[in-house]
Amino acid sequence: MLKVENLHVSVENKEILRGIDLEVNPGEFHVIMGPNGSGKSTLALTVAGHPKYRVTGGKIIFEGKDITELGPDERAKKGILLAFQVPPEVEGVKIIEFLQQVLVELKGMDSAEAYDLVVEKAKELWFKEEDLHRYVNVGFSGGERKRLELLQALLIEPKLLILDEPDSGVDVDSLSIISRKIEELHQRGTAILLITHYGRILGHLDREKLRVHVMKDGRIVRTGSGELADQIDREGFAKIFEEVGA
Ligand code: ADP
Ligand code: MG
Ligand code: MG
């Protein structure tokens, strides 16, 4: 479904990604791990089509079509959704209006139908109806922001959901609901590309079915099953990098 081929990406003339190859098929669950600054967010943002990230080599294929030059909205229409590491505040735009708009545009729902669905799904992520009349992320805690990203994902049910550190800056209760909702989306057929520092968010997911990729300095230096995530949790990255000579 997603095929990233020998991807090179520069930001402000600095090469950040230096030849990434990655293939995600329907229903698969991939995990990207790696120390700070290894290029994980750059990969996520580039696949989602963020204009700041310039592809200088290689390509991104989605369902057989080259999407390397497509804008973020067109990629969203094709079924790619990115949940941001730091979800931005949008002053003046209410959550309910934003999510209704998304459902109208991406799912062709009418606005009343969209309203009811948003309110219903919001409850599953601990948002009350009145919370939905606040502006998007304005004054939100880390956990609330990440839960709102997940709410968007649950509503859209994208083909491919990229989650950039959904576990960072959240309390344990939010972590457990977020982790359950990711698993639920996966079970309903969404392919997942999850960026994380910690194996903890993987919860009870079957380690055999996970594909874990470890990044360093803009490259994937090792790929393995979910056991690799647990090994990183126990031993850190240094040992892995030593083993692969990276
Ligand atoms: P990670 O998500 O793995 O922590 P990032 O992709 O955020 O890594 O960053 C990789 C490298 O690219 C870092 O050295 C970072 O400073 C740089 N970088 C990322 N985005 C930008 C940007 N918008 N402007 C300048 N440098 C950037
Ligand atoms: Mg980081
Ligand atoms: Mg990052």
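Helix H1 (residues 40-48) lies across strands E1 (2-11), E2 and E4 and runs at about 110 degrees to E1. Contact here means heavy atoms within 4.5 Å. Angles run from 0 to 180 degrees between N-to-C directions, with axes fitted to C-alpha atoms, for helices over the stretch in contact. Helices (H or I, at least four residues) and strands (E, at least two) are DSSP runs, numbered from the N terminus. Please keep in mind that this is a predicted model, in which local features need pLDDT of at least 70 and side-chain atom pairs count only at pLDDT 80 or more, while totals for chains, interfaces and linings use all residues. Residues are numbered from 1 along each chain as its sequence is written, chains are lettered from A and ligands numbered from 1 in the order in which they are written, and side-chain values use heavy atoms, with hydrogens and water left out.

**The antiparallel sheet**

The strands under discussion belong to an open sheet of four strands, in the order E2-E1-E4-E5, with antiparallel pairing. Its edge strands are E2 (14-24) and E5 (65-66), each of which pairs on one side only. Two strands count as paired if DSSP finds at least two bridges between them. E4 (residues 54-62) is joined to E5 by two bridges, and Ile61 stands opposite Asp66 in E5.

**The mixed sheet**

A further open sheet has six strands in the order E6-E9-E10-E3-E11-E12, and its pairing is mixed. Here E6 and E12 (219-224) are the edge strands, each pairing on one side only. On average, neighbouring strands of this sheet are turned by 20 degrees against each other, direction ignored. Helix H7 packs on the sheet, where H7 touches E3 (29-33), E11 (210-216) and E12, and its direction makes about 50 degrees with that of E11.

E10 (residues 191-195) runs parallel to E9 (residues 160-164), and five bridges join the two. E10 also pairs with E3 in the parallel sense, over four bridges. Ile195 is a handy landmark: Ile195 is the bridge partner of Ile32 and also of Asp164. Elsewhere on E10, Ala191 stands opposite Leu160.

How many of the five residues of E10 are buried? Five of the five are buried, where buried means under 20% relative accessible area, exposed over 50% and partly exposed in between (1.4 Å probe, protein chains only). Ala191, Leu193 and Ile195 point one way from the strand, and Ile192 and Leu194 point the other way.

**Nonpolar cores**

A nonpolar core is a set of buried Ala, Val, Leu, Ile, Met, Phe, Trp, Tyr and Cys residues joined through side-chain atoms within 4.5 Å. The largest one has 49 residues, and Phe29, Leu132, Leu151, Ile182 and Leu202 touch the most other members. Helix H5 (residues 142-156) gives the most to this core, with seven residues. Apart from it lies another core, of 29 residues, including Ile20, Leu22, Val47 and Ile67. Leaving aside neighbours within four places in sequence, the contacts of Phe29 include Ile182, Ile192, Leu194 and Leu202.

**The magnesium site**

Magnesium ion (ligand 3) has Ser41 (OG) and Gln85 (OE1) as its protein donors, lying 2.0 to 2.3 Å from it. Donors are N, O and S atoms within 2.8 Å of the metal (3.2 Å for Na, K and Ca), and sites may look incomplete as water is not among the atoms. Magnesium ion (ligand 2) is 3.2 Å from magnesium ion (ligand 3).

| Residue | Relative accessibility | Class |
|---|---|---|
| Gln231 | 14% | buried |
| Ser41 | 21% | partly exposed |
| Gln85 | 27% | partly exposed |
| Glu129 | 39% | partly exposed |

Gln231 is found in helix H7 (residues 226-235). Beyond its neighbours within four places in sequence, Gln231 is in contact with Arg222, Gly236, Ile240 and Glu243. Glu129 and Glu5 are 124 residues apart in sequence and 44 Å apart in space, C-alpha to C-alpha.

**The annotated domain**

In the UniProt record, an unreviewed entry, the annotation "domain: ABC transporter" covers residues 2-242. UniProt positions are given in the numbering used here, feature names are shortened, and annotations may be inferred rather than shown by experiment. Over residues 2-242 the chain is 37% helix and 29% strand, with the end C-alpha atoms 30 Å apart.
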